[in-house]
Amino acid sequence: MTAYLRALAAEWTKFRTMRGWVAAVMIAAALIVGLGLLPGLQGSCGKHGPGSECVAPVGPGGEEVTDSLTFVHQALTGDGSVTVRLTGLTGELPGEPGKPRSGLVPWAKAGLIVRGATTQGATYAAVMMTGSHGVRLQYDFVHDVAGRPGGVSADAPRWLRLTRSGDTLTAAESTDGTAWTTVGSARLSGLPATVEAGLFVTSPQHTEEVDVGLGSGAMGGPSHATGVFDRLALAGGWQGDAWKTDVIGAQVEHGGGAGGPGGAPDAPVAGGSVGPAAGRVSGAEREGDTFRLTGSGDLAPSIPGAAGVGVTITSTLVGTFAGLIVVVVLGAVFVTAEYRRGLIRTTFAAAPHRVRLLAAKATVVGGVTFVAGLVAAAVVVSLGQDVLRDNGVYLHPASTATEVRVVVGTAALLAVAAVLALAFGTVLRLGVTAITTAVVVIVMPYVLAMTVLPTAAGQWLLRVSPAAAFALQQASPAYPQVANIYTPANGYFPLAPWAGLAVLAAWAAVAFAAAAVVLRKRDA
Amino acid sequence: MITVNGLRKRFGATTALDGMTFTVDPGRVTGFVGPNGAGKSTTMRVILGLDAADAGTALVEGRPYRALRHPLRHVGSLLDASALQPGRTARNHLLWLAHSQGLGARRVDEVLERSGLQGVARRRAGGFSLGMRQRLGIAAALLGDPPALMLDEPFNGMDPEGIIWMRGFLRGLAAEGRAVLVSSHLMGELEDTADHVVVAGRGRVIADASVAQLLAAASGDRVTLRSHSAEASAVLAEAGATVTRAGDGVLSVAGLAAGDVVAALHRRGVAFSEVSAHRASLEDAYLELTRDAVEYRWESAS
């Protein structure tokens, strides 16, 4: 048996023969599971009889999507192109009930679209002018290609064209209808021979962050946009003038779901707290060759958060921070308890290679917390989903890969944090000092970022502090083309999952190295 | 065998070790005595690789402690009997130590029995008296069946019964051929136990000798005589004694046994009020040796 394995066996025996330490691990796991299964979140999905279930349409990529728009279209077969001139795009934001404000949300969309069908979630490609992101080619909900920037008005209209050639749709735009610029092209596999093509307008949920004293929250509501089109023309193999209007996804599918678990309880919560804008109503009218479409909704992946609906599996892990506190205390005490009693001398007399001993301690405390975290996270992520759904909360399903990453990531977060706390304990020796340091450095940044800190400060903390590893729990990606409040409190972290873990691991590595150096230099 | 050679160590402005040199030979109990602050505990910590010496070497079987693969199989040590986690049972404390040396639970039960702790093995060490903790520390030192043992103040906190047990125990270990180093700040504790004594003071060795040598070196037997007679001195000198005045009416008589002193005085009709025989002890020898080395006289007197 190597010296390391002997030290490991000894440290494991030490750990399992202290009832308080074993209990601490159990408590950490119980906190994670318990807090996750007792969520305060309530929703209305399925709570109002048949038909109130929350079912989101599924896009071509299998992801849940939002597919709501005002669509003036006709069926067209084979290859061809459609061209239109956009002469106006205005909008309306939610305000005081009954008194909407005028204004255009950044991702309001008006333009041309070719869809495989009028059913929600159908494959599509669209070229559009947006509220403040210029011309875009978007297709199949998650893809976004930027064209030229700019706005649109009667004085500065914008021409848009969408051309089908087999499975490929090519988007072009022009300021004069003569000189055309290609925005990009999209391949839509499985696009039927006959498509529904035409004009569309939609305008996503408006959200704004509000700071209310110590808590920050978000408020908002549905917005509307109105696009004015003329010179609608078909070319190539396409022809016809049988335009009909559909408001796809007109009714609100998701009744449930608060914005997220974060934020102050009395802060305004996203979604629906402000009455719908009463001024404009979705629909289309035609006057000669001028089409006026008013729409509300979005063509985008369905997202949780302030601007979206529902929550993700991340919400089941709200107890992680509580478990983390217990775990970092354990990590620190695993070594400071020996300093307190002078037992460390007995330990070093039995295992004179101190760095090896520290590695053995780290393996034990990291291994134990990893296993406990893995079990707790697996239990709470699977059971917690049922609890949330039973409460009527709309829960975004996560892929198995995401679930595994969130569960294993939570375990890794706890384990590496415990090792970091162990290193603090080794350097500082005094239990109270080490515990305070570990909690302040590891847990506090997360708690602050989730509660009182302004978003920018919170995001900075979650980039540089050990709490960056909470990024491992993010279940839903942030889409640049979907306006949302991508804040930690809404389940969005500033770093990618594994980058977040790398930040924590770097802290642990540096602290471990420092601990190794002082252990070698210092008299025991 | 433990060899300490020229150890030097400073803690800030304080010189803890100033050329400490001695060896601990197998088959006997070596007492390591000296007043508090003499450097005994520091020396032991250096031997165990816990403290680094500024200069000098401390070797166990010719090797530095840190080079030992299974250190507890070479040296068993008891530095601080209270260095325990109160929540862990005696047996579990020994169990993790055993695992650190690749030993099993069976060895733990053996040493528990040998140190007389089998009855309390499954009780938490936090509830142990200091004497029981000392026994637990001894059990831990014995785990690896080491050829050398090093015990720092093992008599501390022991009741008389425990002290008698400890003395016999230490002698037994030496009789098994082990090298046993036992420190104490009270020489008396080592009387009848140590075969050899290393006396330390101010970080260095003051005396390193067998107990017999130390006693011989100390002033021999004396008789204290209380008499106001002016003749007493002359009479005793005539009888072959060396007489010194030790105070008003007090004479210190060397070279003559108490009975002979009484007989000589009686023969000549010299009046005296008290005769007391005074045998030199290890304690006297020690006090004489360390008189200059006592750094913390008040503490050591307590």
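**Exercise 1. Determine which strands of chain B helix α1(B) lies across, and how enclosed or open α1(B) is.**

Solution. Helix α1(B) lies across β1, β2 and β4 (55-60) of chain B, and runs at about 115° to β1(B). Axes are lines fitted to C-alpha atoms, for helices over the stretch in contact, and angles run from 0 to 180 degrees between N-to-C directions. Helices (H or I, at least four residues) and strands (E, at least two) are DSSP runs, numbered from the N terminus.

This is a predicted model, in which local features need pLDDT of at least 70, side-chain atom pairs count only at pLDDT 80 or more, and totals for chains, interfaces and linings use all residues. Residues are numbered from 1 along each chain as its sequence is written, while chains are lettered from A and ligands numbered from 1 in the order in which they are written.

The next step is burial. A residue is buried if 20 or more other C-beta atoms lie within 10 Å of its own, exposed if 12 or fewer, and partly exposed in between, with C-beta atoms placed from the backbone. Seven of the eight residues of α1(B) (residues 40-47) are buried, so the helix is largely enclosed by the rest of the structure. The buried residues are B:Lys40, B:Thr42, B:Thr43, B:Met44, B:Arg45, B:Val46 and B:Ile47. Just after α1(B), B:Gly49 has a positive phi of about 75°.

**Exercise 2. Give the strand order of the open sheet of four strands in chain B, and identify its edge strands.**

Solution. The order is β2-β1-β4-β5 (chain B), with antiparallel pairing. Two strands pair if DSSP finds at least two bridges between them. The edge strands, each pairing on one side only, are β2 (14-24) and β5 (63-64) of chain B. Strand β1 (residues 2-11) of chain B pairs with β2(B) over eight bridges in the antiparallel sense; B:Lys9 has B:Leu17 of β2(B) as its bridge partner.

**Exercise 3. Characterise the packing of α3(A) and α7(A) by angle, axis separation and residue class.**

Solution. Helices α3 (residues 320-341) and α7 (residues 431-450) of chain A pack at an angle of about 160°, with their axes 9 Å apart. The two helices are therefore roughly antiparallel to each other; angles under 35 degrees count as roughly parallel, over 145 as roughly antiparallel, 65 to 115 as roughly perpendicular and the rest as oblique. By class, their contact has 16 nonpolar, three polar and one charged residues. Here Ala, Val, Leu, Ile, Met, Phe, Trp, Tyr, Cys and Pro count as nonpolar, Asp, Glu, Lys and Arg as charged, and the others, Gly among them, as polar.

**Exercise 4. State how many residues of chain A and chain B are in contact, and which element of chain A gives the most.**

Solution. Two residues are in contact if their C-beta atoms, placed from the backbone, lie within 7 Å. By this criterion, 25 residues of chain A are in contact with 27 residues of chain B. On the side of chain A that touches chain B, α1 (3-16), α2 (19-37), α3 and α4 (343-350) are the elements giving two or more residues. Helix α1(A) gives the most, with seven residues. The residues on this side of chain A divide into 14 nonpolar, five polar and six charged.

**Exercise 5. Describe the surroundings of A:Gly111.**

Solution. A:Gly111 is in strand β5 (residues 109-115) of chain A. The residue is buried, with 27 other C-beta atoms within 10 Å. Not counting residues up to four places away in sequence, A:Gly111 touches A:Leu86, A:Ala126, A:Val127, A:Met128, A:Met129, A:Leu160 and A:Phe200.
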